[in-house]
Number of protein chains: 2
Amino acid sequence: MRKEFRELASPESVHETIESLDLTGDPKRVPLRAARGRVLAERLDAPIDVPGFDRASVDGYAVKARDTFGATETDPVELDRVGTIHAGTEPETEIESGECVAISTGAVLPAGADAVVMVERTDERDGRVELRTSAAPGKRVMAAGTDIAAGERALGPGTRLTTREIGLLSALGVSEVPVVGAPRVGIISTGEELVRPGKPLNSAAGQIYDVNSYTIAAGVEAAGGTVERYPHTGDDYEEMERVLRQAANECDLVVSSGSTSAGAVDVVYRVLEQEGELLVHGVAVKPGKPMLVGEFENAAYVGLPGYPVSALTIFDTFLAPAIRRAAGQPTPRTTTITGRMAHRERYSEGRLRLLPVGLVESGSDETRAVDTTASDDTVSEIGLDGELLVYPVDKGSGATTSLVEADGVVEMHPDTHEISTGERVEVSLFSPAVRPPSVFGVGEDDPAFSELLDRIDRPRYLGMGSQAGRRRLRNGVVDVAVITSGTVSTAASADEDDLESSLTAALGFEATLLGGWTREWGLVVPAGNPADVTGLADLVDRKLRFVNRTTDSGLRATLTNAIDALAAERSESPQACIDSIDGFEFAVRAHESPVQSVRDGTAAVGLGLRSTADRLDVGFVPVGTERVFVLAHPDRTDKDGVTALGAALSAAGVGINTDSTAASAITDADSFDDRPGYDRL
Amino acid sequence: MRKEFRELASPESVHETIESLDLTGDPKRVPLRAARGRVLAERLDAPIDVPGFDRASVDGYAVKARDTFGATETDPVELDRVGTIHAGTEPETEIESGECVAISTGAVLPAGADAVVMVERTDERDGRVELRTSAAPGKRVMAAGTDIAAGERALGPGTRLTTREIGLLSALGVSEVPVVGAPRVGIISTGEELVRPGKPLNSAAGQIYDVNSYTIAAGVEAAGGTVERYPHTGDDYEEMERVLRQAANECDLVVSSGSTSAGAVDVVYRVLEQEGELLVHGVAVKPGKPMLVGEFENAAYVGLPGYPVSALTIFDTFLAPAIRRAAGQPTPRTTTITGRMAHRERYSEGRLRLLPVGLVESGSDETRAVDTTASDDTVSEIGLDGELLVYPVDKGSGATTSLVEADGVVEMHPDTHEISTGERVEVSLFSPAVRPPSVFGVGEDDPAFSELLDRIDRPRYLGMGSQAGRRRLRNGVVDVAVITSGTVSTAASADEDDLESSLTAALGFEATLLGGWTREWGLVVPAGNPADVTGLADLVDRKLRFVNRTTDSGLRATLTNAIDALAAERSESPQACIDSIDGFEFAVRAHESPVQSVRDGTAAVGLGLRSTADRLDVGFVPVGTERVFVLAHPDRTDKDGVTALGAALSAAGVGINTDSTAASAITDADSFDDRPGYDRL
């Protein structure tokens, strides 16, 4: 069994420990073209005068200033033009009193001249130039070294090289720039079950794709480090020691992430304890308990938790700032915003909790958030004025979709046991570029609707099923929910003309109907329907192995309703019918999943849509149609993303209450009723 | 002569024209490791279920849930352990009722099992496992496809791939990612006088280093484009056409910048007009009049002004947003801040002006800004409360140091003729990472002080001379000024004990003395002093060719004072002495410049410091010492950067009124009095 962590270090002490480690890479010289974003390792003085010569600032005539004194528009001075000087050429003559030369902007002022008169104030005829203005010495001339003189401090050490500093460096003729070395970070992925993306996966043997190596590598690069990867290692002590030693000798920092494979973390721990120095073993942060910090062979070592969200959270919190510091990269500008909790969140583990959260902009009008302390059906409205709602995203158990469904983190201090609904919280965004989605929806997954989302900029839609959509829309967390008729049974028989109000009545709360369609559902069978399935009755009577959808799915609700009807026809109890179906509880999550089960022989019949069956070339036995509704929260109908969704629905021929002008701008949308099994309401 | 621009396009119409051009690169596939920062070209559905199997979420025992029903701490259930399953291995057995298998986090749930009981709630003895809790079906199991199921929409088109999306892509096993192609931008540098950094420069022939190719390339890359460079071209029509055509065929956008060499811009213009399509010829923006926009061979073409600051301003304003859009990169978060003008700025050219400005944070207390509309010596205080002061940085004439001395741009609308002192202005920062300098100083250049600046994080110091320092400190624009005793003559003889008040009296305004030192000055001569120069008298009497410093220099003021003294000794007029010096008005800008003139024979004697002469190995004839004072604006003494400067001065042994504790933290500073010619006050 794994070692129990004795005493968890405080987050502050872990920050201090990591700060005390030297992650600095060796300074290096990079070509000017590759210097952008790097940090100057040493002070840089100008090696030359810029400009390197007295330079004409305008097109005109180089003169002896004294010769022009007294010249005016009405009483010009005349000089002999004795030559012409273009930029990039060496003056051939020195000018004497009474003479001038034509000169281009940027050209070298000839010997004898000390000013330039701009061409607009002159007239030239037959080698004689009339100057209609006088010029003081130095006029329209940029003297050598005026921009910067040789020996002047040009840029200080630690200067971050942006486009602008690149400009000064090039003006100085610097072609190689001494920059702070990027910390070299070695990434060791541990875990026998990990497979590199792109390689085939043996799921039956519990293999999964390696996530942490890629996220941590991307995080290291974003923070200004460079990445070396070290091959997967098992839990053999000698092998782990060898790999750790190689990485430590080649890098400034070695990072590994916890593995779910038994023993690997223990082995790293033992190697560190016996061959290096273990400085931190566990930190009082959720997630992050299993964090390790140590030193090994002159390199720093940090062990991160195994779950991707946890690993990245701990990386962002403790390691990224240290890498940025070592790389000389600036701390990103503050990326904290304030919002209100959409749900109550309780917590009592006595550790600092870094809670991943998603954001949704409430409408410009007052909106509401549910107080979940009230009884389940009571919605207590909380005044919010176009603010941000913050909802926890915590699927746990290593879900990788949480990575992209969260926008930032809320810190819950160890002595905070609860954040109430509506309470103000500070959210640390994952990056300054993070913005809340344009529209946030939850509900039924529908292949046509899913494609429609591609027409909208930055939508977030979680296909958690009709039940979840209904709940979250009621609670005012989402902008939009997608719900099937099976979930709101009364609506299925409602008068079309008054669909919205009958839906509202059936749901028990107000909602604005943005769109709706019907889709044909039925039984998915192998191509050619070898078992000759004809309908639901075969499921009940013939013990065909069935694959259902999960309980939150609206399609499953529709199936259940259909079985109820079948039972009523037969004067049987619905439960008896359900119990006769082999695999009614064998549920999978998405439209393609039953098809795959049917294809690989795990099941003979699956629940599905005609459109999915057609697309994936399997057989389909139609059972019925169900209606799908897109409902918006009434306070959010003016939100840009909701309007855009409405327009996209209209463009696809399934919009209701939506602006047809906006829809007409979307010219290339596929109409829903061109899809197999789909139709307008 | 160059063509006059007929009608300048409005900035809005230029934006529209550029928006109408297609800069989009071809979509491409990049390896997952190179995908960070790129933008997804197409929607991506999950190709597999994640996880691909029913997965244990904890270490424990896989069981049939039904077998555990009724188990409690006091009344546990006992099962036979029939095996062990580690992560990454395939279960060998199906479990039957009454059986369980030990299972690791992440391992495959064996057939027959439908729940996991965590190890903490169990005891195992001799193959028998006691379960002290019951488990519902599905408990501690992450079902296949729960994270994301095959066919579900994973990421929409246009998604910017951050660390987090990389995580989801790797979980899905995606090793190559379809991304929006980076716009390919061809950069043509025009101008015979331009030399590539790193190559030798012939200043006498008016050569300068190419700046725009490098800044624009860096700007293109920062905006998400890729750069192709095309060789310098002269002003030959055929050659220009050939290069333009090649660039246009290989790129989505071709950019050139104006050249100071006569004709090159005209040639580009003629090629565009004759062989392509010219859409914009001149924009009503200062700087930007000579901007060109057109199309050539299916590529877009933009011609930028020639001066580096102008080229980059026009690039940032018009081109960078278009490149970002084509690359699918997000518009940077708003980077506009508000400040108050430190000077009055007038303008009357009737074009939108993009005025480069620098920023300085005023102290936390009320500070003052000068109202330059008042008579020159009146300082009218304007209430500012720890705000940002904004001052124009506009050296003009192609200065490249302006690139790094400005922090952003203030837009002056065509009908704005003046921004008053203290007026609120919006500053568009060059990037969100821009921060005002920690300390802003202007004044005498001093080699030892210049090195001291390396100890401070993000200082900005302009070595514009003592006179400029004095002016700007009085006006409340700078935090700190460095001024020589020659500039404040009464202070030179003041009682050391009351230096600050006598300085204040001499300056005519209050200032806090942070530090001071003396430096030995004199005449720089060739090594070995071949002309046997002994002092100032030789300059006056022997017609030695002299090189002076510019009038703003405190060192020159000290020289002038010394000549006054010499004249008094001789009972001559100071002007007569000055007139006798050959080259008194031959002035150069920095400490090393006179040395270079002496070295290259342009002058026989130069004005300089012992420390510079020693360092550059030339001869030195001492004349005297002068005192140098570092003075802070009294309202800014608590500013972090000012405190840090004080500490650094103390660490170097020349601090006054500064915190010695902070100084002691700086352990490796060189003491000023270890430098040749330097001493403490």
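Predicted model: local features only at pLDDT ≥ 70, side-chain atom pairs only at ≥ 80, totals over all residues.
## What "buried" means, and a helix that shows it

A residue is called buried when its relative accessible area is under 20%.

You can find the buried residues one by one: Thr163(B), Arg164(B), Glu165(B), Ile166(B), Gly167(B), Leu168(B), Leu169(B), Ser170(B) and Ala171(B). Just after the helix α3(B) comes Gly173(B), with a positive phi of about 80 degrees.

## Where the two chains meet

Now let's turn to the interface. On the chain B side, 106 residues are in contact with 106 residues of chain A. The area buried between chain B and chain A is about 8400 Å², and carbon and sulfur atoms give 55% of that area.

Which parts of chain B touch chain A? At least two residues each come from β11 (153-155), α3 (163-171), β15 (208-209), α4 (212-222), α7 (308-327), α8 (401-405), α9 (447-452) and α15 (592-599) of chain B. The helix we began with, α3(B), gives the most to this side, with eight residues. Sorted by kind, the residues of chain B that touch chain A divide into 45 nonpolar, 34 polar and 27 charged.

## Salt bridges and polar contacts

How many salt bridges does the rule find across the interface of chain B and chain A? There are eight salt bridges between these chains. To see a salt bridge for yourself, look at the side chains of Arg164(A) and Asp316(B), which meet at 3.7 Å, N to O. The rule also finds 26 residue pairs in polar contact across the interface of chain B and chain A, with both residues at pLDDT 80 or more.

## How the copies are arranged

Chain B can be laid on chain A with an RMSD of 0.1 Å. The move that does this is a turn of 180 degrees with a shift of 0.0 Å along the axis. The two copies are therefore related as by a two-fold rotation axis.

The interface tells a matching story. Of the interface residues of chain B, 100% are also interface residues in chain A, so the copies meet through the same surface.

## Details of the backbone

Val50(B) and Pro51(B) are joined by a cis peptide bond, with omega about -10 degrees. Pro51(B) sits in the loop between β2 (44-45) and β3 (55-56) of chain B. A cis peptide bond also joins Lys286(B) and Pro287(B), where omega is about 0 degrees. Pro287(B) has its place in the loop between β19 (285-286) and β20 (292-296) of chain B.

Over in chain A, look for positive phi values in residues other than glycine. Ser571(A) has a phi near 55 degrees and is found in the loop between α14 (554-570) and α15 (574-580) of chain A. Is Ser571(A) buried or exposed? With 68% relative accessibility, Ser571(A) counts as exposed, because the cut-off for exposed is over 50%. Asp617(A) has a phi near 60 degrees and lies in the loop between α17 (610-615) and β38 (619-632) of chain A. Asp617(A) counts as exposed too, at 63% relative accessibility.

Note on methods:
Residues numbered from 1 in each chain as written. Chains lettered and ligands numbered in written order. Heavy atoms only, no water. Contact = heavy atoms within 4.5 Å. Buried area = accessible area lost by both parts, 1.4 Å probe. Salt bridge = Lys/Arg side-chain N within 4 Å of Asp/Glu carboxyl O. Polar contact = N/O pair within 3.5 Å; in protein donor to acceptor, adjacent residues only side chain to side chain. Helix = DSSP H or I, 4+ residues; strand = E, 2+ residues; numbered from the N terminus. Nonpolar A, V, L, I, M, F, W, Y, C, P; charged D, E, K, R; others polar. Least-squares fit on C-alpha atoms with pLDDT ≥ 70 in both. Buried < 20%, exposed > 50% of the residue type's maximum accessible area, 1.4 Å probe, protein only.
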